[in-house]
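Here are my notes for you to read alongside the model. They go point by point, with the cut-offs spelled out as they come up.

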Amino acid sequence: HRSTTPAAVQPAVETTSPEFEKQVDKLADLLPHADRKVLAGYLRRAGQDVLAIGQYLEDEKNGNLRYD
């Protein structure tokens, strides 16, 4: 099973904003073993940090981490 985000969902934060970077920092603190670029991708797709964490952990558990 792959985690996907519906096309209609827009990111909650612009990906070039300081707020986006702050959210990536928060994810990196919570998941120190994860690559920041991968976490940024999950956050960009999910739009919310809590959703990004859930999708990352699910994909990691299933061996399907997304690097796009």
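1. Which residue forms a salt bridge with Lys22? The partner is Glu19, and the closest N and O atoms are 3.9 Å apart. For a salt bridge, a side-chain nitrogen of Lys or Arg has to be within 4 Å of a carboxyl oxygen of Asp or Glu. Lys22 and Glu19 are three residues apart in helix H1, so about one helical turn separates them. Lys22 counts as exposed at 54% relative accessibility, while Glu19 is partly exposed at 36%. The terms here are buried for under 20% relative accessible area, exposed for over 50%, and partly exposed in between (1.4 Å probe, protein chains only).

2. A word on what you're looking at. This is a predicted model, in which local features need pLDDT of at least 70 and side-chain atom pairs count only at pLDDT 80 or more, whereas totals for chains, interfaces and linings use all residues. Residues are numbered from 1 along each chain as its sequence is written, and side-chain values use heavy atoms, with hydrogens and water left out.

3. Now the overall layout. The chain has three helices and zero strands, running α-α-α from the N terminus on. Helices (H or I, at least four residues) and strands (E, at least two) are DSSP runs, numbered from the N terminus. Of the 68 residues in the chain, 37% are buried. The chain exposes about 4,500 Å², with carbon and sulfur atoms supplying 53% of that; the areas come from the Shrake-Rupley method with a 1.4 Å probe, and for residues only the protein chains shown count as cover. Take the contacts (heavy atoms within 4.5 Å): among those between residues at least 6 apart in sequence, 41% join residues at least 24 apart.

4. On to the nonpolar core, meaning a set of buried Ala, Val, Leu, Ile, Met, Phe, Trp, Tyr and Cys residues joined through side-chain atoms within 4.5 Å. In soluble globular proteins, nonpolar side chains tend to be buried together. The largest core here has 15 residues, and Leu27, Leu31, Leu39, Leu43, Ala52 and Tyr56 touch the most other members. Helix H1 (18–30), H2 and H3 each give two or more residues to this core, and H2 has the largest share with six residues.

5. The buried set is Val38, Leu39, Ala40, Gly41, Tyr42, Leu43, Arg45 and Ala46. These buried residues of H2 pack against H1 and H3.

6. Leaving out residues up to four places away in sequence, Leu27 touches Leu39, Leu43, Asp49, Ala52 and Ile53. Asp49 has its place in helix H3 and is buried, with a relative accessible area of 14%.

7. Next, the rings. Searching the whole structure turns up one aromatic pair: Tyr42 and Tyr56, edge-to-face, at 5.5 Å centre to centre and 75° between the planes. Tyr42 lies in helix H2 (residues 36–46) and Tyr56 in helix H3 (residues 49–62), so the pair ties together parts 14 residues apart in sequence. For the cut-offs, rings of Phe, Tyr and Trp (its six-membered ring) pair if their centres lie within 6.5 Å; planes under 30 degrees apart are stacked, over 60 edge-to-face, and the rest tilted. Tyr42 counts as buried at 1% relative accessibility, and Tyr56 counts as buried at 3%.

8. Arg45 does two things. Its charged end sits over the ring of Tyr42, 4.7 Å from the ring centre; that label needs NZ of Lys or CZ of Arg within 6 Å of the ring centre and within 35 degrees of the ring normal. Arg45 also forms a salt bridge with Asp68, the closest N and O atoms being 3.3 Å apart. This pair links distant parts of the chain, with Asp68 in the segment after H3 and Arg45 in helix H2, 23 residues apart. Arg45 counts as buried at 16% relative accessibility.

9. Last, the remaining charge pairing. The structure holds six salt bridges, including one between Arg36 and Asp25 with the closest N and O atoms 2.8 Å apart. Arg36 is in helix H2 and Asp25 in helix H1, so the pair ties together parts eleven residues apart in sequence. Both ends are partly exposed: Arg36 at 35% and Asp25 at 36%.
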